[in-house]
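Please look at the sequence and the structure together before reading on. The report moves from the whole chain to single residues.

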Amino acid sequence: MDLLRLFGMFCVVYAHCFFHGVRTGTYGVVSSVYVIPLFIFSSGYFYRTEQDQSGWVFLRRTAKKCLLPYFIWNMIYGLIHEVLTIMGIIQFGERLSLYTLLIAPWSSGAQFMLNIASWFLVSLFLVTTGTWIVRKVLTRLCPMDGRMELLLLVLFYVIGVLGVFLAGQAQYHYGWKGGILRPLVLLPYYQLGIVYRKYRDRLPGKRIVWIGILIVLIPLLPLCNGQAFMTRMLYCYFEGAPPLLVLTATGCVLLIMEVCGLLGRFVDRIGAIHYAGRCTMHIMLHHLFLLYCIQMFWFLVNHIWPLPDYNSARFHTDFWYHFSFGHTWVTWVYAILIFILPIVCHYIYQRIILRLDDRLCGKSAQNLHSGTQ
């Protein structure tokens, strides 16, 4: 699962640097179609069915995990955005207010732009709590056996397809409609993770067989659609027939899961992969701000020493302006830096906290010993 999340995070960083997703070698399937469902699937995989019986403590834990870091960093990036706006450096995003701090995250999620990728945490909270509430109600009506799990999966897929249908074709949704449709579209992948964890071992055949089957089947769906699939989940933007689009995303999620499961045995002892895989939330929260800091550096350099073809006007007004000297390899350097730096910073932060904790524990033990004497 750490390997799966690392791949998904690589796809996110790549798409934000190069403005398009990673192709998996299948015709018309870009990573934007499956990368967000991949993270939702990963979260569902770690859901414990015993939590169906839990009280509201589950809701509190989910809010602490998803909403607390989101709103803390939303306030921090909102303050940074406000300072930069007052200084006249940036002219994009919305101004700091109670609305952009507390209300806008539930609808657009793009209020300050500097942390736009963190919209996923709010949607994850809604999907997780929505699934938990439905399962909690069902457990009081009937046992959640294999048949009920599959029926619930089918129901959620119907809702997901309906969500894509209601979004329409090639339409952007920036307000409350997008905020409502996103959880509906993502809902089935959470339940898919639950079902996969419980019943994957009951499927006949080895992983390599299922990988081969999925590799053969996935390219057929875009061919049946007659056009390439395209998704921008934040804006609920979809191109492609809703049932085929959802099936393709599901097939890609399962294919990546099977491949990572096959490779997992070879990389299981590599601690760096496990640690990096568990830092994906920090990468999600901060990688775009780090990318903007790199562009800020070139903006300051351009003031001292004019850079060729640098567009300072675009830097002020367009958050997605990336100056790369016209070379693709420079953009790759950006991608590597903003992928690795959040992991390194989190590691340093953890070491500092552990060191402080050791000192405090040492002083407490020393004081206790002195008091005993």
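Predicted model: local features only at pLDDT ≥ 70, side-chain atom pairs only at ≥ 80, totals over all residues.

## The chain as a whole

The chain contains 14 helices and two strands. Along its principal axes, the C-alpha trace spans about 75 × 65 × 45 Å. For a chain of 373 residues, a compact globule would have a radius of gyration near 21 Å, and the value of 23 Å found for this chain agrees with that.

Buried residues make up 50% of the 373 residues. The accessible surface comes to about 19,100 Å², and 68% of this area belongs to carbon and sulfur atoms. As for charge, the chain carries 29 positive and 15 negative side chains, and the centres of these two sets lie 5 Å apart.

## An enclosed helix

Helix α2, which covers residues 35-45, has ten of its eleven residues buried, so this helix is largely enclosed by the rest of the structure. Among the buried residues are Val35, Ile36, Pro37, Phe39 and Tyr45. The elements that cover the buried residues of α2 include α1 (2-18), α5, α7, α10 (242-267) and α12 (280-304).

Leu38 is a residue of helix α2, and it counts as buried because its relative accessibility is 1%, where the cut-off for buried is under 20%. Which residues does Leu38 touch, not counting residues up to four places away in sequence? They are Leu4, Phe7, Gly8, Val253 and Ile256. The C-alpha atom of Leu38 is also separated by 8.5 Å from that of Ala249, although these two residues are 211 residues apart along the chain.

## Two buried residues in other helices

His16 belongs to helix α1, and with a relative accessibility of 18% it counts as buried. Leaving aside neighbours within four places in sequence, His16 is in contact with Ala117, His287, Leu288, Leu291, Trp320 and His322.

Thr128 is found in helix α5, which covers residues 119-141, and it is buried, with a relative accessible area of 6%. A polar atom of the Thr128 side chain lies 2.7 Å from the backbone oxygen of Leu124. When neighbours within four places in sequence are left aside, Thr128 is in contact with Phe58, Thr62 and Tyr190.

Most residues other than glycine have a negative phi.

Ala170 is not a glycine, yet it has a positive phi of about 55 degrees. Ala170 lies in the loop between α6 (146-167) and α7 (176-199). Is Ala170 buried or partly exposed? With a relative accessible area of 43%, Ala170 is partly exposed.

Phe325, also a residue other than glycine, has a positive phi near 60 degrees. The place of Phe325 is in the loop between α13 (312-317) and α14 (328-372), and at 33% relative accessibility this residue counts as partly exposed.

Definitions and conventions. Residues numbered from 1 in each chain as written. Heavy atoms only, no water. Helix = DSSP H or I, 4+ residues; strand = E, 2+ residues; numbered from the N terminus. Buried < 20%, exposed > 50% of the residue type's maximum accessible area, 1.4 Å probe, protein only. Polar contact = N/O pair within 3.5 Å; in protein donor to acceptor, adjacent residues only side chain to side chain. Contact = heavy atoms within 4.5 Å. Rg over C-alpha atoms; globule rule 2.2 N^0.38 Å. Areas by Shrake-Rupley, 256 points an atom, 1.4 Å probe, with all protein chains shown as cover. Lys, Arg positive; Asp, Glu negative; His and termini not counted. Charge placed at Lys NZ, Arg CZ, Asp CG, Glu CD.
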